[in-house]
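Work through the exercises below with the sequence and the model open. Try each task before reading its solution.

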Amino acid sequence: MAEFLTPKNLVIKIVVCSAVLAVVMCLCALVGTQRISLENVLAGPGQGPGENTDYEIFVGVRIPRVILAALAGAALACAGVILQAILRNPLADPYILGISSGAGLGVIIAVLSGITWSFWAGSPITVFAFAGATLTVWLVWYIGHLAGKSQVTSLLLAGVVINAFFSAVIMFLTSILKSHQLRSTTLWLMGNITEKDPSVLWVSAVCILAGILGLFSICHRLNVLTFGQEEAKGLGVDPAKTRFAAFGLAAFITAIAVSLSGLIGFVGLIIPHAVRLVFGPDHRQLLPVSAIIGGAFLVIADTVARTIVAPAQLPVGVITAIAGGPFFLVLLAKYSRKVSWLK
Amino acid sequence: MSGIIEVENLSFSYSQRVILKTLSFEVTSGTFLAIAGPNGAGKTTLLNLLCGLLKADAGHIKINSSNITSYPIKKLAQIVAVVRQEFVPVFDFTVTEMVSMARTPYLGTFGFESNADKEIINEALETTDTLQFASRPLAQLSAGERQRVFIARALAQNTAVLLLDEPTSFLDLKHQVGIYDLLKAAQLEKGKTIVAVTHDINLAAQYCDEVLLLGGLADYHIGKTKDVFSPRQIEKIFGVSTFAGKVGEEKFFIPLGKFAKDSKHITSKPSNGQ
C-alpha cells in the first residue's frame, strides 16, 4: 500500500511546527537590548502602568515585533513557493516579478516628495511601498501577456526588464537624496523591521493569513501545473485561471510583507527549497510548512539583527543573507542526493 | 453502434501550414486504435485535438456524442486521459505523488484524496507493477519504469478513453512489449478505448484492432490492421520498401533500404512516387 499525505498527517505536522514557532517567538521576545526576565513577564501586568516594565516591554513592544517578523517571513516564504511552482523555476523568488523595485521606487518617491501624512495608521513609506509593489506587479503581468504565447517565459522576461529599469531609476533617485533621507531609504531597501501600530499589524495578519489560506486551496492544482500547461489541462486543471489566482495572491501577500518590513532577501528563495528538501515537493504540505518555517527563520534573524550590535540595530536583510546562505548549503549537502535538479 | 470518439471533416493548420484536412473517422468504445504515419503527418497534432488541447479550424470532434468543445476542462479529464512523451518533472515528486495527481479532476476544495481515490491509485500502481518503487522520486527510475508510472497515472484517472503519444519511444524491446501488454490488458479487462500514436507498425499490428494511417493532408486510411497494413500501403505512406511476412493472422514488416543485406527479398519495390 502506497503512503499518502492525509489531512490528519498534515495537521500534526502543522501543529508541531507551529509549536516550535511559538516557542521561538516567545524566546526571541525575551531577548533584546533591554534585558527582561521570564519570571517578571509571567508575573503579569501588576497593579498599573509602570509597575512591571518587563511585562510591558514584552507584550507592548517585543511581541508585536516578533509577530510582524513571523508574518513577513511567512508571506515571503509562501510567495516563493508559489512563484517557483507557477514559473516552474527553482530560482524564482518573490522579487523576480518586479515587486522589489516597484516597492523601492514607491518608497523613494514618498521620501523625496516629503509627504508626512499618514493613512490608516501606516506611514507614507508603508503605503507607497504597497502601492508601488502592487502597481509594478500588474504592469509585469500586463506586459508579460502582451509579449507572447509562452506566458511563463514572457512573465519572467517582463519582470527582469522592469526590475532592471526601476532599479536604475532607484539608483538615480538615491544619488540625489539628501543625507538624512538617504539613511531611512537605504535601511528600508536592506529590509528593516520596525514596530508598527497594532491596527496595521492585525489587519496585515488577517490579509496575509487569508492570502495563504486562499493559496492553500489551489495547492493540489499547483502540483499539476509544475508539469506545464499541457499536462495540467490533461489532468483537469485550467492553467490560466490557476496561474492568475496564484500570481495575484502571491503578489498581494508579498506587497503587504514588503510594505511592512522593506526588502528582505533570501527568505522567499531559500525557505521553500529547504522545506522541499526535507518534506518533499507536494505543495499541499510545502506551502503551510514553509509559511511556519519562514516565519520562525525571520523571527530569529530579526532577533539577531536587533541584538548583535546593540544598542544599534542592523537591517534584518543583512542577517538573512549572511545566515541563509550557509544554512541552505548545509541542507543541500545533507539532502542533495534526493533531488535530481541539483545534480 | 456510434463511436465513443467521432471525428468529422476535421481540418487543422499551424498558421499557413495545413496539417490535417477533412479527416473523418470513428472509434468504437473498447477499441485499441493505432495512429501511424511518417514524421510531420500530424499524428501528435491529432492527439492534441482529441484531448481538447488544440481547437480545430473546421469540422468537429465528438466524445460520447457531445462536441469536445462543450466539455469543461475538469469534465473532459474525467473521460479522456493522456500519456505524453516521457518527461522528468522540475520538482522531485515520488511515484505515489505523481500517480495521485490523476485524481485531481475528482478532488474537492483542498485537494485531498478520499479512501476510494487511494484504492484506485493503489490498484493502478499494482497493475503497472510500480508499487515496488512507490516512494521513490520519479527521476531515480529508468525510462521504462517512468513510462509505466505515467501509464499508472493515466489508469488512475479512471477514464473511458486513453490517448498515448509514442508510448514506447526510448524503450528497449522488453519494455516496449511490457507497455503494450499493459495497454492491451487495460483494453480487455477494463474495456478502455485506447488510441496510441506509434512508429512501430509491427507492435501496432500485433496489439491494435484498428489503425489510422496518416499520410499527410487528406491522405489517410483507417480500418482493421490486417487490411490497412500492406507492403504497398506502407511503401506509399512511408516511402520505404519492406519485406512482409506472416506469423499467424497478422503480417509483419521488415523495412529494407537499398544497402540492406536482404534487400533482394523486399516484398514491395520502390515505385518512384507512383
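Two strands pair if DSSP finds at least two bridges between them. Strands (E, at least two residues) and helices (H or I, at least four) are DSSP runs, numbered from the N terminus.

This is a predicted model: local features need pLDDT of at least 70, side-chain atom pairs count only at pLDDT 80 or more, and totals for chains, interfaces and linings use all residues. Residues are numbered from 1 along each chain as its sequence is written, and chains are lettered from A, ligands numbered from 1, in the order in which they are written.

**Exercise 1.** Find how β6(B) is joined to β7 of chain B.

Solution. Step one: locate β7(B) at residues 161-165. Step two: count the bridges to β6(B); there are 4. Step three: read the direction; the two strands run parallel. Step four: pick a pair; V80(B) stands opposite V161(B) in β7(B).

**Exercise 2.** Give the strand order of the open sheet in chain B and explain its edges.

Solution. Step one: the 6 strands follow the order β6-β7-β8-β3-β9-β10, with mixed pairing. Step two: β6 (80-83) and β10 (220-224) each have a single partner strand, so one side of each lacks a neighbour in the sheet.

**Exercise 3.** Describe how domain 1 of chain B touches domain 3 of chain B.

Solution. Step one: domain 1 spans 1-79 + 159-229, and domain 3 spans 238-274; such bounds come from an automatic or database domain assignment. Step two: 8 residues of domain 1 are in contact (C-beta atoms, placed from the backbone, within 7 Å) with 6 residues of domain 3. Step three: on the domain 1 side, α7(B) gives the largest share, 4 residues.

Methods:
Two residues are in contact if their C-beta atoms, placed from the backbone, lie within 7 Å.
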